[in-house]
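Open the model in your viewer and keep the selection tool at hand. Each stop below says what to pick next and what is there.

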Amino acid sequence: MTTETNPVLDSVKQAFAPVTEAFTKLQNMEVPEAAREFVKKQAETAKVRAADLHAGSEKVTAAIETAVAGSVSEAAKISRNIQQAFYQDAEAFFTGIDKLASAKSLNEAVQIQSDMVRARGELFVSRAKATSEYLGKLVSEGAKTAQDNLSKVYSKTA
């Protein structure tokens with residue numbers, strides 16, 4: 001029985017040998033320098049534009065923050081944090097594209113991509129934790145303020 005399966009296995013291996021060889025060559029295929037440079041330049045231009053957009057949004061937030069006080073100040077802080085997160089995400093994205101453009105093989109590109117995905121996941125978890133702590137603090141302070149205001153109202157009527 002084993003003597004019959006070995007020739008079949010050998011013929012299957014021989015039939016798929018060109019595909020296996022082509023896949024091996026594809027993994028080690030060199031990415032042209034001109035293509036890598038083009039992607040790097042485009043990523044750098046987009047990075048500069050993202051920085052300009054971020055600076056503009058900072059100015060708008062600062063104007064809103066100085067024009068209105070109280071709870072709007074807290075909303076502006078939240079807005080600023082969201083803008084900062086978007087800017088950091090854009091910066092990380094363009095840095096990742098720059099790294100991917102530097103990859104000289106498919107294997108290197110896959111490794112860079114998996115590192116980027118892992119880093120994004122870790123950042124998401126830390127942001128979620130910070131957000132829940134911040135919201136808890138906000139609710140706690142809001143409840144304390146409401147309680148103080150209610151006690152002032154009741155002490156005046158009593």
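A salt bridge here is a side-chain nitrogen of Lys or Arg within 4 Å of a carboxyl oxygen of Asp or Glu. By this rule there are 6 salt bridges. This is a predicted model, in which local features need pLDDT of at least 70, side-chain atom pairs count only at pLDDT 80 or more, and totals for chains, interfaces and linings use all residues. Residues are numbered from 1 along each chain as its sequence is written, and side-chain values use heavy atoms, with hydrogens and water left out.

**Whole chain**

Start with a cartoon of the protein chain. It holds 4 helices and 0 strands. From the N terminus on, the elements run α-α-α-α. Helices (H or I, at least four residues) and strands (E, at least two) are DSSP runs, numbered from the N terminus. Now colour by accessibility. Buried means under 20% relative accessible area, exposed means over 50%, and partly exposed lies in between (1.4 Å probe, protein chains only). Buried residues make up 11% of the 158 residues in the chain.

Select Val12, Phe16 and Val19. Together they form a nonpolar patch on the surface, with about 280 Å² of accessible area. Patches take residues with over 30% relative accessible area and no salt bridge; like charges are joined within 9 Å, and nonpolar side chains (Val, Leu, Ile, Met, Phe, Trp, Tyr) within 5 Å. The areas come from the Shrake-Rupley method with a 1.4 Å probe; for residues, only the protein chains shown count as cover. Centre on Val12, in helix α1 (residues 2-27). Val12 counts as partly exposed because its relative accessibility is 40%.

Side chains of opposite charge can pair when their charged atoms come close. Select Glu33 and Arg36. They form a salt bridge, with the closest N and O atoms 2.3 Å apart. Both lie in helix α2 (residues 33-67), 3 residues apart, about one turn of the helix. Arg36 is buried, at 9%.

Next, pick Glu37 and Lys40. Their side chains meet in a salt bridge at 4.0 Å, N to O. This pair also sits in helix α2, 3 residues apart, about one turn of the helix. Glu37 is partly exposed at 30%, and Lys40 is partly exposed at 27%.

Move to Asp115 and Arg118. A salt bridge joins their side chains (3.1 Å, N to O). They are 3 residues apart in helix α4, so about one helical turn separates them. Asp115 is partly exposed, with 29% relative accessibility. Arg118 is partly exposed as well, with 48%.

Then select Asp89, Arg120 and Arg127. Salt bridges that share partners join these residues into one network. Arg120 lies in helix α4 and is partly exposed at 32% relative accessibility. Draw a C-alpha distance from Arg120 to Asp89. They are 31 residues apart in sequence and 8.6 Å apart in space.

**The largest pocket**

Which residues line the largest pocket? Select Ile78, Asn81, Ile82, Ala85, Phe86, Arg127, Ala130, Thr131, Tyr134 and Leu135. The elements giving two or more residues to this lining are α3 (71-102) and α4 (106-157). About 340 Å³ of space lies inside the pocket. On a 1 Å grid over the protein atoms alone, a pocket is an open set of points where a 1.4 Å probe fits, with protein on both sides within 12 Å along at least five of seven lines; lining residues have an atom within 4 Å of a point. Grid points are joined across faces, edges and corners, and the volume is the space filled by probe spheres set on the points.

Stay on helix α4 and pick Leu138. Leu138 is partly exposed at 27% relative accessibility.

**Last stop: two rings**

The structure holds 1 aromatic pair. Select Phe93 and Phe94, whose rings sit edge-to-face, 5.3 Å centre to centre with 70° between the planes. Rings of Phe, Tyr and Trp (its six-membered ring) pair if their centres lie within 6.5 Å; planes under 30 degrees apart count as stacked, over 60 as edge-to-face and the rest as tilted. Phe93 is partly exposed, with 47% relative accessible area. Phe94 is buried, with 17%.
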